[in-house]
Amino acid sequence: MDNYRFSRTFLSDSGCVSCPRRWGLRLWVTVLAVSMLFCQVAGFRRRITDRTYVPLTPIILNTTASNYTYVTGETAIMYCAVENLGTKTVTWRRANPSVILTVGLYTYFGDSRFQTQNVLHKDQWNLHIRNVSLDDQGRYECQVSTKARDIRRSFYLNVKEHTSSTTYVEKNQRLVLRCNASSDSYPQDDLDWFMNGHKVESSDTEGITITKSVAYRSQTIWSELVIAHARMQHAGTYICRTSDKLVTNIKVNILNAGKDNVKRGTEKSDKGLLFEDTKSQKESYSSPLTGSWTLIFGIIFCVLS
């Protein structure tokens with residue numbers, strides 16, 4: 001019986017010895033966690049009270065050109081880079097006469113040709129004018145909507161009259177026409193060829209081949225029109241264009257070598273006739289001289305005899 005009581009007391013004593021160690025470890029971990037939490041809260045409050053909020057002022061960068069030149073029929077693009085825009089809005093306006101064209105991405109002016117495109121990765125708000133005309137030439141302003149209205153940059157758009165180029169090719173020779181189009185943020189979707197207002201398609205029977213290639217790094221698309229054997233019906237005005245931008249206008253003349261040779265032969269025959277006429281005239285001029293010499297020799301022979 002005594003042994004039983006001894007063993008029970010021993011167990012209870014051993015349990016009492018281990019309890020302080022466990023609770024001490026738990027207490028230490030709890031104190032450490034509360035201390036860390038307190039430090040975090042205190043530091044967060046200190047940062048909030050010490051922080052002074054300074055709103056960033058929008059800036060229009062001078063990283064883009066301020067003068068642009070386009071040809072009538074093209075899509076004119078003027079590039080405006082804005083940093084720290086925040087909740088402000090970019091407005092495009094024409095300086096003279098003073099007309100608001102776009103506010104943000106909304107076209108304020110009643111002309112759908114004017115649109116603003118936002119290039120996010122470049123912080124640009126670019127004004128696009130489709131089918132630009134000579135009347136669109138002038139000064140424009142990119143402006144950030146502030147009370148002072150002092151954050152602005154001026155741009156000038158110069159528009160030139162479109163003049164088509166002319167190319168010549170001999171009949172049955174290979175005709176090659178090339179054009180390309182680029183954009184500020186993405187390549188154009190497609191390029192189409194037109195001849196005298198009619199769309200040109202690739203045709204094996206006509207010997208017409210149209211090839212296209214795209215370069216995503218330069219945001220450019222190329223197109224090449226090849227006519228293996230140019231004929232007289234292939235002469236005309238060729239236009240290479242995107243859906244909203246006139247790219248190339250070329251007038252093609254097909255030369256008929258056979259007719260040219262006939263003309264050249266006619267010129268040669270005329271010169272030959274002219275040469276023969278001149279020779280006959282010389283002979284006609286020389287014939288009286290020959291007769292006079294015969295008369296003189298006859299008289300001298302008679303006198304001497």
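Which residues is Thr57 in contact with, leaving aside its neighbours within four places in sequence? They are Glu83, Asn84 and Ile151, where contact means heavy atoms within 4.5 Å. The structure is a predicted model, in which local features need pLDDT of at least 70, side-chain atom pairs count only at pLDDT 80 or more, and totals for chains, interfaces and linings use all residues. Residues are numbered from 1 along each chain as its sequence is written, and side-chain values use heavy atoms, with hydrogens and water left out.

**The chain as a whole**

- The protein chain contains two helices and 19 strands; helices (H or I, at least four residues) and strands (E, at least two) are DSSP runs, numbered from the N terminus.
- Of the 305 residues in the protein chain, 28% are buried. Buried means under 20% relative accessible area, exposed means over 50%, and partly exposed lies in between (1.4 Å probe, protein chains only).
- Among the contacts in the protein chain with a separation of 6 or more, 61% are between residues 24 or more positions apart.
- The protein chain has an accessible surface of about 21,400 Å², and carbon and sulfur atoms account for 57% of this surface. Accessible areas come from the Shrake-Rupley method with a 1.4 Å probe; for residues, only the protein chains shown count as cover.

**Disulfides**

- Two disulfides are present in the structure, a disulfide being a pair of cysteine sulfur atoms within 2.5 Å.
- One of them is formed by Cys80 and Cys142, whose sulfur atoms are 2.0 Å apart. Cys80 lies in the loop between β3 (76–78) and β4 (82–83) and Cys142 in strand β10, so this pair ties together parts that are 62 residues apart in sequence.
- The link of Cys80 and Cys142 is left-handed, with -80° about the S-S bond, and both cysteines are buried.
- Cys179 is joined to Cys240 by a disulfide with an S to S distance of 1.8 Å. This pair links distant parts of the chain, with Cys179 in strand β13 (residues 175–182) and Cys240 in strand β18 (residues 236–241), 61 residues apart.
- Cys179 and Cys240 are both buried.
- When bonded cysteines are counted along the chain, the disulfides follow the pattern 1-2, 3-4.

**Two residues in their surroundings**

- Thr57 is located in the loop between α1 (2–50) and β1 (59–60), and it counts as exposed because its relative accessibility is 52%.
- Thr57 and Lys88 are 31 residues apart along the chain, and their C-alpha atoms are separated by 9.9 Å.
- Gln143 belongs to strand β10 (residues 138–144), and it counts as buried because its relative accessibility is 6%.
- Not counting residues up to four places away in sequence, Gln143 touches several residues, including Thr89, Val90, Ile151 and Arg152.
- The side chains of Gln143 and Arg152 make a polar contact at 3.2 Å. A polar contact is a pair of N or O atoms within 3.5 Å; within protein, one must be able to donate a hydrogen and the other to accept it, and residues adjacent in sequence count only if both atoms are side-chain atoms.

**Backbone features in loops**

- Asn96 and Pro97 are joined by a cis peptide bond, with omega about 0°; Pro97 lies in the loop between β5 (90–94) and β6 (99–103).
- Asn131 is not a glycine, although its phi is positive, at about 50°. Asn131 sits in the loop between β9 (124–129) and β10 and is partly exposed, at 48% relative accessibility.
- Asn196, also a residue other than glycine, has a positive phi near 55°. Asn196 is in the loop between β14 (192–195) and β15 (198–200) and is partly exposed, at 44% relative accessibility.
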